[in-house]
Amino acid sequence: MAIYEVYSHPVLVRYRTSICSKATLFLLVALALTYIPPLLVAYRSQGFWLQQSTYEEQPNVRFRYEVLLIAINSAGGDYIAWSTFQEFNSLIGGRLRLPQVTAREEDRNQDGKMDQLYFSLELPLLSTEEVYGVHLILTFSYQLYRMSTFVMQSMAFIQHSSPVPGAQLYISGDLRLQQRQPLSHQGLDATYNVSVINGSSPFASAYDLTNIVSAYQERNVTTVLSNPSPVWLVGRGASDPFVVNAIIRYPVETISYPPGFWEMIKYAWIQYVSVLLIFLWVFERVKIFVFQNQVFSTVAVPLQSSFKQHQS
């Protein structure tokens, strides 16, 4: 008659010894070699502590309807200008021209946050005036909420020049966030929630483009108009205004930030456990070999024997 296996199960064997013995010392050394080296390996692999992390967020951007325009009137560098700041308009005197301005923001995906700005400016010119270059500043309110609450006032700086007098400047670009340092992972940060242009100042230095751009670039967090792709059109009629058309999009941004305590611990734990599993597997087999072969003297007690002794 053929014999076949109908059932099997492992047998648990307990190895007993005194506290002060070579077997106990071996077990302590094995435990130390199991749990400490994985920590050292993970730490020395340059990836144990998460120093910086990123996330994506659609910023809440709104146009502040603050504009500063300087148009180069001749190849010699004379200019005409206009702004939404009364003090600046008073300072430039006869160089002031009053344009027709339209601005419209659009929420294309209906998520409650604006996605782009359509801006148009028609600057009237005298019959003797031509435009050879444009410097334009538009200001925005910029807010982030997903991690920390970050609020600032920012700007888009547009400039273009040509040796040929133009009729229209067309700009299409993205208002991108630039970080010199990571944002906080929690709390409120309103450090840069101040005006880009001091519109209440009666001094000309407050409206100097060099001063404005220099002070703005001192910030750790700014916005910049990325890939503006300017198009300079020529052929303006004598009575036609010079036109600036701009489309500025507010794209989703990748924000860098220093992770908090629990995020760092979670990341470090993953690094540690991934190495620890290997050491657990290796030293478990080392302990089986040592105790099964009685490398160190112990008393082997099968689990079934323990049950019988307890019942008796």
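Reply: Helices here are DSSP runs of H or I with at least four residues, numbered from the N terminus. This is a predicted model. Helix α4 spans residues 261-292. Lys287 and Glu284 are three residues apart in α4, so about one helical turn separates them. They form a salt bridge, with the closest N and O atoms 3.9 Å apart. Glu284 is partly exposed, at a relative accessible area of 37%. Elsewhere, salt bridges with shared partners join Arg104, Glu106 and Arg108 into one network.

In total, the structure holds 10 salt bridges. Side chains of opposite charge can pair when their charged atoms come close.

Now take a pair that spans more of the chain. Arg249 and Asp174 form a salt bridge, their closest N and O atoms being 2.8 Å apart. This pair links distant parts of the chain. Arg249 belongs to strand β13 (residues 242-249) and Asp174 to strand β9 (residues 168-179), 75 residues apart. Arg249 counts as partly exposed, at 29% relative accessibility. Asp174 counts as buried, at 17%, because the cut-off for buried is under 20%.

Next come Asp78 and Arg95. Their side chains meet in a salt bridge of 3.4 Å, N to O. Asp78 lies in the loop between β3 and β4, and Arg95 in the loop between α2 (86-92) and β5 (100-106), so the pair ties together parts that are 17 residues apart in sequence. Asp78 is partly exposed, with a relative accessible area of 36%. Arg95 is partly exposed too, at 35%.

β3 and β4 (residues 79-83) run antiparallel, joined by five bridges. Ile72 has Tyr79 in β4 as its bridge partner. Strand β3 (residues 60-72) also runs antiparallel to β7 (residues 131-144), with 10 bridges joining the two. There, Asn60 stands opposite Gln143 in β7.

Glu129 sits in the loop between β6 (116-123) and β7. Glu129 counts as buried, at 5% relative accessibility. A polar contact of 2.4 Å joins its side chain to that of Arg97. Leaving aside neighbours within four places in sequence, Glu129 is in contact with Asn73, Ile80, Arg97 and Arg236.

Notes
Residues numbered from 1 in each chain as written. Predicted model: local features only at pLDDT ≥ 70, side-chain atom pairs only at ≥ 80, totals over all residues. Heavy atoms only, no water. Pairing = 2+ DSSP bridges. Buried < 20%, exposed > 50% of the residue type's maximum accessible area, 1.4 Å probe, protein only. Polar contact = N/O pair within 3.5 Å; in protein donor to acceptor, adjacent residues only side chain to side chain. Contact = heavy atoms within 4.5 Å. Salt bridge = Lys/Arg side-chain N within 4 Å of Asp/Glu carboxyl O.
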